[in-house]
Amino acid sequence: MDFLFNWLANIPPFAVPYALAALGLMICEKSGVLNLGAEGFLLVGALAGVGAILSAGASPAAALGIAMLATAALSLLFAVMVIALRVNQVISGLAIVFLAQGLTSLLGRTQGWTSRSFSGMPRIEIPWLSDLPWVGRILFSQDPVFYLTLVLIVFAAWALRNTHVGMRLRSVGENPEAADAAGIPVALYRFGAVVLGAALMGLAGGYLTVVISNIWVDNITGGRGWIVIALVIFARWQPLAALAGAVLFGGIEAVIPRLAATGFWVPQHFLLMLPYLLTLGVMVWSSLARRGRGGGPAALGDPFLREERR
Amino acid sequence: MTEAQDLPGRAAAAPATGRRRGRWPHLALEVRQHMPGPQQALMLGASLVAGIAISTLVLVAAGVPAGNLLDEFVISIFTRPRNLANVLVYTAPLVIVGLAAAVAFRARFWNIGIEGQMIFGAIGATLIANHDIGPEGARLYLMAATAAFAGMVWMLVPALLKLRLEVNEIISTLLLNYVAFNFLLFLLYGPWKDPQSAFPHSKMYDAAERLTRIGFFNVDTSIYLAFALAVGCFLLLVVSRFGFLLNFVHANPKMARAMGVRVAVLVLSAALVSAALAGVAGFVISAGIDNRMTQSFFVGYGFSGILIGFLARNNPVLVVFFAALIAVLMVAGQGLQVFYQIPSSMVLLIQAIIVICAAASEFLIRYRLRLVR
Amino acid sequence: MSQAARSRAPAEAGAPALRMKGITKTFGDFVALDEVDFDLRNGEIHALLGENGAGKSTLMNVVAGLYAPDHGDIEVQGTPVRISGPQDARLLGIGMVHQHYKLVGGFTALENIMLFNPRGSFRQSRTAVRTAAADAADKLGFRVDLDARMDRLSVPEQQRVEIMKILIAGASIIILDEPTAVLTDAEAQKFFAAMRGLAEIGNSVVLVTHRLSEALSYADRITVMRGGRRIRTAHPEEVDADTLTELIVGTRIVEKPAPSEHVGAPVLTVSGLELTDAGGVVRLRGVTLDLHAGEIYCLAGIGGNGQTELVEALTGLVPPDAGRIDLAGHGKVTGLPPDRLRRLGLACIPSDRQGQALAGDLTVAENFAIGGVLAGRFGGALAVRRKPMAEAAAAAVRDFEVMGVRSARQKAGLLSGGNAQKLVIAREFSGAPSVIVAHSPSRGLDVRAAAAVHGHLRAARDRKAAVLLISEDLDEVLLLADRIGVMRSGRIVAEFPGGTDRRTIGRAMVGHD
């Protein structure tokens, strides 16, 4: 019973980065820009947060802000490549991942940020509610970003359906020609979606170091960016479904150290494969479940150019 | 119709707005019909120069005196035989992973799992070496064949998932890299750990299980193997019927299918050949450079392979050229590490800068900017 | 919305609503519009006639702000304007319904209209647009379910949403690009009645079409374009169909029917073919037909009635759910893959040239030779032989008069529509096939190229091949057919001998027997 309870109480911090990154990726892809650079954006956010704390003495909250800004800045490069220069979106995304891997590893070492621990963000105990049995510790005794994430997801789910901006964003990803004919600045919307989405991924990355690990090592994101790409497909680009997916992956991640600690007979490295195998399983499941209908933005991955002659 | 009556103001303002915009000269984008080959090569060359220029700035910013760069990257490599030998040592596996990428990309199959297939290749080779399977004279051949086979086995799942269920191969091959890596760690920390060493790597290969040196410093026979594979890939992709049909799969899979090309079979074959090559690359590094299986032998080769395949436009001959270029970069990177304490990740960063510049040049090949007045 | 037009400028009937002078537009080396003048009066329906590629759509895309002209002047209601984007056009009261509708498939009709017509906050907008749309539908006599997803609506319904969309945006200059291409005769009649109603209250309508009869019966004035130039503007009473044809085509090319002299035994026998697509829609409901050696069997019908699926089943791309296909001398061939069928003497000219028949990035030689390579010619499995390939391609290019090929190593994607089609035909006919399936082979081609295609089909027939020609163009059907089948809702609903009159066939096509 204790095992279950500890596990549940630990899911939220593991789920938050998945949820935030999935939301960011989803906003980007809703506009029709395929973003395989997620892993890179997470890395940059993670390192920027560490740098802000270790070198600028920033508070954890400010460090998360800096993580968002740094990632948004890198996303400008990605946006220029895919929107202005219309470079193949697969190549661009991969290039961003490799750039971020090289850059973060290099900066981490040259600035002396690698493997130095620091103190992170405290949890907030919500008065009265956190004293509730069970749910108190699971839901009302978490860090502030957890609550922010819930608000953002619900807001995004609402705004995509019930605001002009949300509707236009979706139209740009579904049918840019139609959006253009309706006077919507397609490139501007895509630019905005890439940058905003990257900022959220930066927040997710920053959370990984500033809130969870409190330390930077190379490639600390460990493929979470790729898992998030699969998660968004699994969630069919719906924010609330992505939240559910994030809880699933957070749950798996939270259970691994606990299982290992109980002296479970499976070797540790096999447990560590779990998130990746689960992701693959989820991809297969999504493919079986959709059978022809993708559920994704119809123009995902297509560059748009008005003068193009067909 | 009356429904438009509620916005007369908007309509009244219209002609003025219509006039105001567009007065300014602006740049318009046009799709080029076609750009001749030599001009395209020139564009790619220019983009490489731009990438190298940016990388130079980064290196100078990181503390390498600008004057010494030429020495590190060109002079020291081509005047000191030991360094040249090192370039050849790295060229061999880079050619092979470059070919692996090129073959897969020809079939529009994004094999991002080269590192995972390299791991399984090395595991296959080490299995043979650890258990001394087969006569000593044939040991190396057996190791190479097992490595190729193991790479293919690791590709089977993502390839079939792609063809059967349209599961995106970029993500599936990449996820399997992490699985393969954890499996490698399991072996190296567990059953295959070298008992005589504190580090997680396998036992040293016996002499019969190591690629022989060709008599030029530490260069081994893998360089011959790499060239032979490049020739093989050239025959496969450019000369054979398979390659001819694969071009159609690449250019227009729908048309290929309508003409009766067995598209799925071709894509599957290309993916498996790609994975077999990656497996052989794993074998080459283990049996040639490290003489055992280490926990990080594969690091960075996946990306380099993709980069080489991309720059070479999936052409096996150009793969050799660009692989040598990247090998120079890697050897120079080691020099930088020793003399200027520049972390090895600088090499990764420079490769990323180059691929971004090369990708950006595609824009100038495909579009034309025009000033509209 | 006529009131809106009047509030912006005093639009007297007959005064010019739109005037274009010296409009020129080039794409690379290709001159799409060459010093075109065009004027449109308030209250008129003005037909813009011409062949595919004459520049009609390009000219109207300039008006709609989608293409920026290289030079030329535009006036709207007497005021010089510069239209540098769709937004400008729309503020000027110009609305265009494109041939391919600019609608978001995953959105409802209401959302599509809202996207185009934001009115205040999202919530206000939703209410206002719903009212406006209901109002507009009422006046036009349309019925549209505003809450249905666009991709679930029929094509005429989608067209109605497009028209409502631009009317609510305040359009008084309404441009319709080939609006009736997707409508049945009855639907088209209703459609024109609605458009006439719009013109009568002061709007102007441009009807871009290649159908003479439409222009003659519904337009107040007709402008003919050819090769990117304006040829003539006239009132319908000043011209007749023959004159118009001559204006459209330039020098006269008249093809005459030439029925087959000898029809032989059945070569391809199809019986009870049934097919349901991946989305669960029944596409073929028991298609049965015989194809004889030395005949052209034309399958007439409005597109989307199962023609594409029939071609896919016949060529082995999709195995049918039920029924069988027999090839004389080879027995049952149902479900064989395309390469096997091709080796048994089946050739196919698909409807989507650049999509299904050619690989644009590869060379003319490769595109020509792939058929031969698959049949085992041009070298073995280990090495294909490029030289014989290039020579054979060069010979075919000469024989089939494929123009614009400088060398066999040129990319096939650089060929114009007609020449690309000739290349496809050259490849498909190179194996002397006994059965030829041709799906809309002359669609999008100019008259000369179409005549060449027809000539090749006739030549094949005279060589005793069996030709199945699937066409939506009744003129083509009447010209070529030795026998005519009519396809509707996945069935062959009627068969007629060649030379049957047009109206009988037309009635069978729309189902008014």
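Across the interface of chain A and chain B, 4 residue pairs are in polar contact, with both residues at pLDDT 80 or more; such a contact is a pair of N or O atoms within 3.5 Å, where within protein one must be able to donate a hydrogen and the other to accept it, and residues adjacent in sequence count only if both atoms are side-chain atoms. On chain A, the elements giving two or more residues to the side that touches chain B are helix H3 (60-84), helix H4 (89-110), helix H10 (224-234) and helix H12 (268-290); helices are DSSP runs of H or I with at least four residues, and strands are runs of E with at least two, numbered from the N terminus.

This is a predicted model, in which local features need pLDDT of at least 70, side-chain atom pairs count only at pLDDT 80 or more, and totals for chains, interfaces and linings use all residues. Residues are numbered from 1 along each chain as its sequence is written, chains are lettered from A in the order in which they are written, and side-chain values use heavy atoms, without hydrogens and water.

**Interface of chains A and B**
- In chain A, 47 residues are in contact with 40 residues of chain B (heavy atoms within 4.5 Å).
- There are 0 salt bridges between chain A and chain B (a side-chain nitrogen of Lys or Arg within 4 Å of a carboxyl oxygen of Asp or Glu).

**Sheet in chain C**
- An open sheet of 4 strands has the order S12-S11-S14-S15, with antiparallel pairing (two strands pair if DSSP finds at least two bridges between them).
- Its edge strands, S12 (282-292) and S15 (331-332) of chain C, each pair on one side only.
- Strand S11 (residues 266-276) of chain C pairs with S12(C) over 8 bridges.
- C:Glu274 has C:Arg285 in S12(C) as its bridge partner.
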